[in-house]
Amino acid sequence: MTDAIQIRYTDLAESSCCLSCGTAAHLCEPTSGQVCVDLGCGRGTDVLRLAEKVGPTGHAYGIDLTEAMLAKARTTARKLGVTNATFLRADLEAIPLPDASVDWITSNCVLNHVSDKGRAWREIARLLKVGGQFIISDIYAVDAISAEDRADPQAVAECWAGAVLRSEYLAFVAAAGLQDVVITEESAPYRKGRANVASFTLSGRKPAVRKCCG
Ligand SMILES: C[S@@+](CC[C@H](N)C(=O)[O-])C[C@H]1O[C@@H](n2cnc3c(N)ncnc32)[C@H](O)[C@@H]1O
């Protein structure tokens with residue numbers, strides 16, 4: 001799956017106007033000095049926006065699988081003189097950042113591509129500090145995607161065949177132990193590829209660990 005994604009996004013790194021399905025980073029309100037991570041950052045626009053919000057004492061990371069996207073992001077950061085943003089090449093199933101090191105996680109139209117979504121959500125929970133928040137826009141399937149389409153790497157790379165049902169999506173979030181989940185935006189169903197999908201933006205946080213037993 002990941003090869004098809006990289007081929008698709010290497011082509012789009014220079015050419016396409018928009019790559020997203022919603023809004024996430026502009027809803028994120030970090031304070032000065034905080035650490036933010038944008039998952040599947042593409043050309044890095046949201047990372048640079050977050051870097052500006054957290055200021056010189058904070059840091060923004062962009063994670064993406066596609067080197068061409070990261071190269072574009074690094075060039076833009078250099079041109080703009082942004083020094084508090086770092087772009088890392090990684091799969092969202094194994095993010096090279098320490099446990100409990102992040103205040104805010106954002107992502108726009110990416111998790112639908114990830115093969116093991118449970119693992120990606122556990123990575124989100126691992127990275128967040130207690131009380132840390134996520135705001136994620138993504139696509140979900142309105143009707144279940146056929147097994148044939150789910151196994152088609154090109155269809156997954158086109159942002160629809162990897163989508164899961166809304167209920168499955170929310171189950172991944174809950175299973176990762178994240179709480180206070182609120183859906184802040186949600187589209188009407190629309191057709192993408194051979195599927196009926198919808199887009200939504202959800203926010204939530206990592207809860208404090210409860211002390212056990214009196
Ligand atoms: C639809 S684009 C969105 C880019 C960006 N978030 C935006 O809104 O412009 C999807 C991005 O996710 C990246 N991606 C897809 N699967 C990934 C994975 N498993 N791990 C990391 N990045 C991934 C792609 O390389 C691509 O840059």
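**Figure 1. What helix H4 packs against.** The buried residues of H4 pack against strand E1 (35-39), strand E4 (102-108), E5 and helix H7 (166-175). This is a predicted model, so keep that in mind for every view here. Which residues of H4 (residues 117-127) are the buried ones? They are Lys117, Ala120, Trp121, Glu123, Ile124, Ala125 and Leu127. For background, an α-helix has 3.6 residues a turn, so residues three or four places apart point the same way.

**Figure 2. The largest nonpolar core.** Zoom in on the inside and you meet a nonpolar core of 62 residues, the largest one. Ile105, Ile124 and Ala163 have the most contacts inside this core. Strand E5 (residues 128-141) is the element that gives the most to the core, with 7 residues.

**Figure 3. Ala163 and its contacts.** Skip its neighbours within four places in sequence, and Ala163 is still in contact with Asn112, Ile139, Tyr140, Ala141, Ile145, Ala195 and Val197.

**Figure 4. Helices H1 and H3 side by side.** Two packed helices are described by the angle between their axes and the distance between the axes. For H1 (residues 2-15) and H3 (residues 67-80), the angle is about 30 degrees and the axes are 7 Å apart. Angles under 35 degrees count as roughly parallel, and H1 and H3 are therefore roughly parallel to each other. Where do they touch? Tyr9, Thr10 and Ala13 in H1 meet Ala68, Met69 and Lys72 in H3. Sorted by class, that contact has 4 nonpolar, 1 polar and 1 charged residues.

**Figure 5. Two loop residues with a positive phi.** Most residues other than glycine have a negative phi. Ala100 isn't a glycine, yet its phi is positive, at about 50 degrees. Look for Ala100 in the loop between strand E3 (85-89) and E4. Cys159 also has a positive phi, near 70 degrees, and is a residue other than glycine. Cys159 sits in the loop between helix H6 (153-157) and H7. Cys159, with 23 other C-beta atoms within 10 Å, is buried.

Terms used: Residues numbered from 1 in each chain as written. Predicted model: local features only at pLDDT ≥ 70, side-chain atom pairs only at ≥ 80, totals over all residues. Axes fitted to C-alpha atoms, helices over the stretch in contact; angles between N-to-C directions. Helix = DSSP H or I, 4+ residues; strand = E, 2+ residues; numbered from the N terminus. Parallel < 35°, antiparallel > 145°, perpendicular 65-115°, else oblique. Contact = placed C-beta atoms within 7 Å. Nonpolar A, V, L, I, M, F, W, Y, C, P; charged D, E, K, R; others polar. Core = buried A, V, L, I, M, F, W, Y, C linked by C-beta atoms within 7 Å. Buried ≥ 20, exposed ≤ 12 C-beta atoms within 10 Å, placed from the backbone.
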